[in-house]
Amino acid sequence: MAIESIKMPQLGESVTEGTIEKWLVKPGDHVEKYDSLAEVNTDKVTAEVPSSFSGIIKEIITEEGQTVAVGEVVCTIETEGGAQADEPAAVPAAEEPASEMPAAGSQKPSTPLKKEKGSASGRYSPAVLRLSQEHDIDLSLVDGSGRDGRITRKDIQAIIDSGEKPQPKTEESSASQPEPAPSAPAQQAAKAPAASGTANVPTAPGDVEIPVTGVRRAIANNMLKSVHEAPHAWTMVEVDVTQLVQYRDSLKADFKKKEGFNLTYFAFFVKAVSQALKEFPMMNSMWAGDKIVQKKDVNISIAVATEDALFVPVIKQADEKTIKGIGREISELAGKVRSGKLTSAEMQGGTFTVNNTGSFGSVQSMGIINHPQAAILQVESIVKRPVVMDNGMIAVRDIVNLCLSLDHRVLDGLVAGNFLARVKEILESVSPDNTSVY
């Protein structure tokens with residue numbers, strides 16, 4: 001017999017951790033390869049963790065409701081063949097010493113990290129490693145709040161939020177104070193989570209307390225990370241889409257009858273954005289610490305909301321698709337989100353996000369960038385407004401606001417303004433004479 005480890009899988013691009021929402025098995029259960037073991041929530045997807053082996057569940061390591069980094073062991077399985085059954089499970093990749101397991105996308109440290117203060121193992125999750133290396137934090141000086149003193153991502157984020165890194169104590173202060181009180185940075189780090197995530201909100205009779213689900217917590221963490229790391233700026237333009245509205249309305253009935261799904265305005269906007277991204281490739285970029293990565297493929301992320309969560313499926317190679325093809329993918333992906341059938345693969349690879357906030361009646365909004373992308377475009381409601389035409393006459397026109405949020409580390413106002421002007425030009429030129437949906 002042999003003991004094999006099941007690790008937290010990578011369930012989406014830029015996803016570094018997941019929350020075990022519910023175990024579908026218990027110790028002693030027999031499972032076959034590919035059987036579902038647990039339901040996992042991240043900021044991007046809800047999915048089931050499949051078994052990589054056939055055998056008996058040996059130990060459940062991660063409890064329900066617990067958040068762990070990608071690559072960390074969540075349970076072990078006893079399988080036939082190989083090592084003896086009583087041998088210890090192999091050390092998971094996520095818990096290898098930092099000198100052997102650097103975080104994805106980061107440089108391997110020149111010297112092994114010291115053992116952390118709160119753990120005898122000196123091992124760290126990929127998320128902890130990545131954050132500590134990005135912000136030059138010595139993990140040997142950090143007190144861990146996790147199980148067995150383990151340093152968690154929240155511990156590191158608290159130090160980053162406080163703005164003060166833990167410093168080693170001098171020999172003099174150590175000799176005069178054998179058990180010194182916590183330093184100011186440590187006190188601030190300890191207070192940071194309470195200030196940002198556990199505020200003391202008074203309740204009154206009739207108030208309803210709603211537990212925070214794993215999905216909602218993951219969304220909150222990702223939004224906080226985006227706002228914390230990316231210096232947001234935003235700009236807006238008005239677009240006259242009167243011709244687009246008339247063209248689409250003239251096609252929608254026959255289109256629905258022929259194709260079986262609705263031809264929406266949103267498909268026209270996604271097509272215009274994908275075309276403009278090819279002309280302004282810097283908009284299709286990502287911040288990567290010491291470099292900016294300009295992506296070759298134009299993969300448009302679209303936001304799809306359910307009653308309690310927001311999912312961001314991806315239309316791959318959107319610039320190579322027709323308006324009809326984009327419309328079909330929007331319909332199919334939205335249907336999968338609402339039926340719970342969206343896969344993690346369908347949420348990976350996005351390079352730019354387009355959000356249809358107009359579907360809620362919004363006319364102006366600033367979107368939070370979908371980390372690590374460099375920009376997000378909010379498409380607002382199409383409304384009828386009186387407009388002064390070039391000849392001085394007043395006419396009622398269909399107008400939509402396009403609101404662009406951008407990461408100012410990657411993009412400057414000039415390229416963003418030119419990109420938005422090009423999207424406006426494409427949309428205002430839509431007509432039966434020069435636009436085909438096929």
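Visitor: At roughly what angle do the axes of α7 and α9 cross?
Guide: Heads-up: this is a predicted model, where local features need pLDDT of at least 70, side-chain atom pairs count only at pLDDT 80 or more, and totals for chains, interfaces and linings use all residues. Residues are numbered from 1 along each chain as its sequence is written, and side-chain values use heavy atoms, with hydrogens and water left out. Helices (H or I, at least four residues) and strands (E, at least two) are DSSP runs numbered from the N terminus, while axes are lines fitted to C-alpha atoms, for helices over the stretch in contact, with angles from 0 to 180 degrees between N-to-C directions. The axes of α7 and α9 come within 9 Å, and they cross at roughly 135 degrees.

Visitor: Which word describes how α7 and α9 lie to each other?
Guide: Angles under 35 degrees count as roughly parallel, over 145 as roughly antiparallel, 65 to 115 as roughly perpendicular and the rest as oblique. With a crossing at roughly 135 degrees, α7 and α9 are therefore oblique.

Visitor: Is the crossing of α7 and α9 left-handed or right-handed?
Guide: A crossing is left-handed if the near helix is turned anticlockwise from the far one by less than a right angle, and right-handed if clockwise. The crossing of α7 and α9 is right-handed.

Visitor: Which residue in β18 is the bridge partner of V383?
Guide: Strands β17 (residues 375–388) and β18 (residues 394–407) run antiparallel, and 12 bridges join them. Across from V383, the partner in β18 is I399.

Visitor: Which strands stand at the edges of the four-stranded sheet?
Guide: This open sheet is antiparallel, in the order β5-β4-β2-β7. Its neighbouring strands are turned by 45 degrees against each other on average, direction ignored. Two strands have a single partner each, so one side of each lacks a neighbour in the sheet: β5 (46–50) and β7 (67–69).

Visitor: How many residues apart in sequence are the parts tied together by Y247 and F268?
Guide: Rings of Phe, Tyr and Trp (its six-membered ring) pair if their centres lie within 6.5 Å, with planes under 30 degrees apart counting as stacked, over 60 as edge-to-face and the rest as tilted. Y247 and F268 are edge-to-face, at 6.3 Å centre to centre and 75 degrees between the planes. Y247 lies in helix α6 (residues 242–259) and F268 in helix α7 (residues 265–279), so the separation is 21 residues.

Visitor: Is F255 buried or exposed?
Guide: Buried means under 20% relative accessible area, exposed over 50%, and partly exposed in between (1.4 Å probe, protein chains only). Y438 is partly exposed, with 44%. F255 has 2% relative accessibility, so F255 counts as buried.

Visitor: How far from the ring centre of Y438 is the charged end of K258?
Guide: A charge sits over a ring if NZ of Lys or CZ of Arg is within 6 Å of the ring centre and within 35 degrees of the ring normal. Y438 also belongs to a cluster with F255 and F261, linked by ring pairs. K258 places its charged end over the ring of Y438, and the distance is 4.7 Å.

Visitor: Which residue just after α2 takes a positive phi?
Guide: Eight of the 10 residues of α2 (residues 153–162) are buried, so the helix is largely enclosed by the rest of the structure. Among the buried ones are R153, D155 and S162. Just after α2, the residue with a positive phi of about 80 degrees is G163.

Visitor: About how large is omega in the cis peptide bond joining H371 and P372?
Guide: P372 is found in the loop between β16 (352–355) and β17. For the cis bond that joins H371 to P372, omega is about 10 degrees.

Methods
Two strands pair if DSSP finds at least two bridges between them.
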